[in-house]
Each structure stands twice: as structure tokens, then as C-alpha cells.
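Let's take a walk through this model, going from charged pairs to paired strands and then to the nonpolar core. Have a look at the structure first.

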Amino acid sequence: METSGYRLLLPEGTLDYFIISDVKESSTEIVIYLEEKNEAPGEYSSMKVESKGFYDPVVVQDFPVRGKKLFLNIRRRRWIVKDEGRYVSRNWKLVAEGSRMTHEFASFLKELY
């Protein structure tokens, strides 16, 4: 399925950190599946980190589009710091301060975890 047009429905800056992995559309709703990119957070760039999959997805309802409910199914990635054996994830407070992502969307993401 072609997903590039759905990017217009996302909050600004979302695709800086996420990819659209799938879209499901029915007569009543649109679900956009987002996965966090496998790019380790900047604060861990000097360490050896490895992606260890995703946290459980979170579903957010956004503004309806042409009479259809719009949902964002968000999968945040986690990494392991190899030398320390601890799991880390992106600090959304830092992202909100230094990105084009809308403040509301970044605030939502930082409240998730």
C-alpha cells in the first residue's frame, strides 16, 4: 500500500523520528502505524548501543479526517547500552526543545513513558 500521502495527516516533525510502517483504512477509520527509526538517541552516540525491539504500541486518536476517525499506532524503540546492560529510549523532553515536532505531540510522547 502506498503510504506517502498519509504523511500529510501527521503532526509536523513526526517523520524526523518515525517511519510509516503501514496504514489500514476502512469506511469508518484510518489507522497509521508508526515505528521509531533505528537511530540511537544523540545522548548515547558515544556508547555502544543496540536496538532491542519496541515497547508495546500506544494508540492515539487524532482529529477526524473527512468523517473518518484517525488513529496513530505508535511503537517506540528501545536500545540496550552494551557495556552497562541497561535499556534506554529517546528522551522526548530533549526532542521537544530541539526539533520541528509540534510541542503537543512531543509532550504526549514524553508522558507515555
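Start with the charges: there are 7 salt bridges in the structure, where a salt bridge means a side-chain nitrogen of Lys or Arg within 4 Å of a carboxyl oxygen of Asp or Glu. Before going further, note that this is a predicted model, where local features need pLDDT of at least 70 and side-chain atom pairs count only at pLDDT 80 or more, while totals for chains, interfaces and linings use all residues. Residues are numbered from 1 along each chain as its sequence is written, and side-chain values use heavy atoms, with hydrogens and water left out.

One of these salt bridges brings the side chains of Lys68 and Glu25 together at 2.7 Å, N to O. That pair links distant parts of the chain, with Lys68 in strand 5 and Glu25 in strand 1, 43 residues apart. Strands here are DSSP runs (E, at least two residues; helices would be H or I, at least four), numbered from the N terminus. Glu25 counts as partly exposed at 41% relative accessibility; the scale is buried under 20% relative accessible area, exposed over 50% and partly exposed in between, with a 1.4 Å probe and protein chains only.

Now find Glu50, which is linked with Lys52 and Lys82 in a network of salt bridges. The closest N and O atoms are 3.4 Å apart for Lys52 and Glu50, and 2.8 Å apart for Lys82 and Glu50. Lys82 sits in the loop between strand 6 and strand 7 and Glu50 in strand 3, so this pair ties together parts that are 32 residues apart in sequence.

Strand 6 pairs with strand 3 (residues 49-54) in the antiparallel sense over 4 bridges, pairing being called when DSSP finds at least two bridges between two strands. Trp79 is the bridge partner of Ser51, and in strand 7 Trp79 is partnered by Val88. Strands 6 and 7 form a hairpin with 4 residues between them, and Gly85 in the turn has a positive phi of about 70°.

Finally, the core. A nonpolar core is a set of buried Ala, Val, Leu, Ile, Met, Phe, Trp, Tyr and Cys residues joined through side-chain atoms within 4.5 Å. The largest one has 14 residues, of which Ile20, Ile32, Leu34 and Leu72 touch the most other members. Strands 1, 2, 4 and 5 each supply at least two residues of this core.
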